[in-house]
Amino acid sequence: MAAEQESGSQTEYIQHHLDHLQWHIGDSKFMIINVDSVFFLLLICILFVSFFLYVSRRATAGVPGKLQCALEMVVTGIDGLVRETFHGQSKLIAPLAVTIFCLVFLMNFMDMVPVDLLPSIWHSAGPAMGFKDNLRVVPTADLNTTLGMSFGVFLLIHYFGISHKGISLFTKEIFTAPFHATGPVGMVLLAPANLLLRLIEEMVRPISLSLRLFGNMYAGELIFILIAVMTLGSSLTALSTYAMMPVQFIAGFVWTAFHVLVITLQAFIFMMLTVVYLSMAAEKH
């Protein structure tokens with residue numbers, strides 16, 4: 001019976017940490033906003049813009065400070081990658097790449113916050129203000145966030161394609177690439193296959209972008225929760241508690257060190273794939 005109660009409490013603990021603070025618009029089950037994801041996303045955007053403005057206004061041409069030096073390393077490194085990847089002419093690509101990398105990294109970095117810190121604060125403040133006792137702090141662990149970002153990239157791909165090629169050439173390539181044909185008859189015969197492949201390609205890009213980032217961050221968040229469950233409800237007088245505490249500490253330390261690489265890599269992959277997709281959209285076949 002005690003084992004069943006402990007298992008039930010662990011399940012409730014995990015489920016509670018995976019539930020969003022939601023706002024239901026009317027009675028519709030489809031018009032739901034994950035308020036916590038939107039809040040932390042906007043908060044990170046404000047902090048990102050404020051920090052860059054603060055450093056840029058204090059930037060000097062002489063010996064840079066530590067913050068200026070760190071930002072210059074990030075900006076120049078990403079700018080070099082963009083120059084090697086994007087072969088078109090655009091003043092938007094490098095700032096866009098810097099913005100994507102920094103925002104995705106900061107959203108991912110919220111997974112480094114102790115899993116019970118902010119939810120425990122909200123446990124007292126939320127219900128007192130009339131809200132439910134649910135809070136998730138990693139925006140990229142929400143599929144709605146990653147899908148929204150990938151949809152923005154999807155729109156940018158078409159914007160770059162039309163702006164670099166013109167509407168006529170952009171439309172023509174939909175029916176003439178990747179299979180090229182000489183003569184009007186061949187173009188007409190291959191047009192359905194080209195259109196089908198183009199539709200599949202356009203659908204795969206945003207889906208793969210969003211699911212890759214969401215899957216990695218959701219799994220990372222879940223592992224932190226499972227590590228926290230190791231000593232959930234344990235008594236300080238129980239021998240199992242003292243046996244599990246070192247295991248929990250080592251597991252948490254190892255996973256945190258590894259997860260720092262994961263959140264950085266996922267931000268880099270999202271940024272680089274965006275630049276590659278935009279470069280492919282700007283190139284003429």
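Author: We begin with a term: pLDDT is the predictor's confidence in each residue, on a scale from 0 to 100. The model shown here is predicted.

Reader: What is the mean pLDDT of the protein chain?

Author: The mean for the protein chain is 87, and 93% of its residues reach 70 or more. Among the elements of the chain, helix α4 (residues 93–109) has the highest confidence, at 95, whereas helix α1 (residues 2–18) has the lowest, at a mean of 72.

Reader: Over which residues does pLDDT stay under 50?

Author: Where pLDDT is low, predicted coordinates should not be read in detail. Here that concerns residues 1–5, where pLDDT stays under 50. For residues 1–5 the model has 0 contacts beyond four places in sequence.

Reader: How many cavities of 30 Å³ or more does the structure hold?

Author: In general, rolling a probe the size of a water molecule over the atoms shows where empty space is left. This structure holds 2 cavities of 30 Å³ or more. Of the 14 residues that line the largest cavity, His17, Val115, Pro119, Val137 and Glu221 are the closest to its centre.

Reader: How do the residues of that lining divide by class?

Author: The lining of the largest cavity has 10 nonpolar, 1 polar and 3 charged residues. Its largest share, 3 residues, comes from helix α7 (residues 184–229).

Reader: Which residues line the second largest cavity?

Author: His16, His17, Pro119, Asp133, Asn134 and Leu135 line the second largest cavity, which has a volume of about 30 Å³. By class, 2 of these residues are nonpolar, 3 polar and 1 charged.

Methods
Residues numbered from 1 in each chain as written. Predicted model: local features only at pLDDT ≥ 70, side-chain atom pairs only at ≥ 80, totals over all residues. Heavy atoms only, no water. Helix = DSSP H or I, 4+ residues; strand = E, 2+ residues; numbered from the N terminus. Contact = heavy atoms within 4.5 Å. 1 Å grid on protein atoms, 1.4 Å probe; cavity = no way out; pocket = protein on both sides within 12 Å on 5 of 7 lines; lining within 4 Å. Points joined across faces, edges and corners; volume = space filled by probe spheres on them. Nonpolar A, V, L, I, M, F, W, Y, C, P; charged D, E, K, R; others polar.
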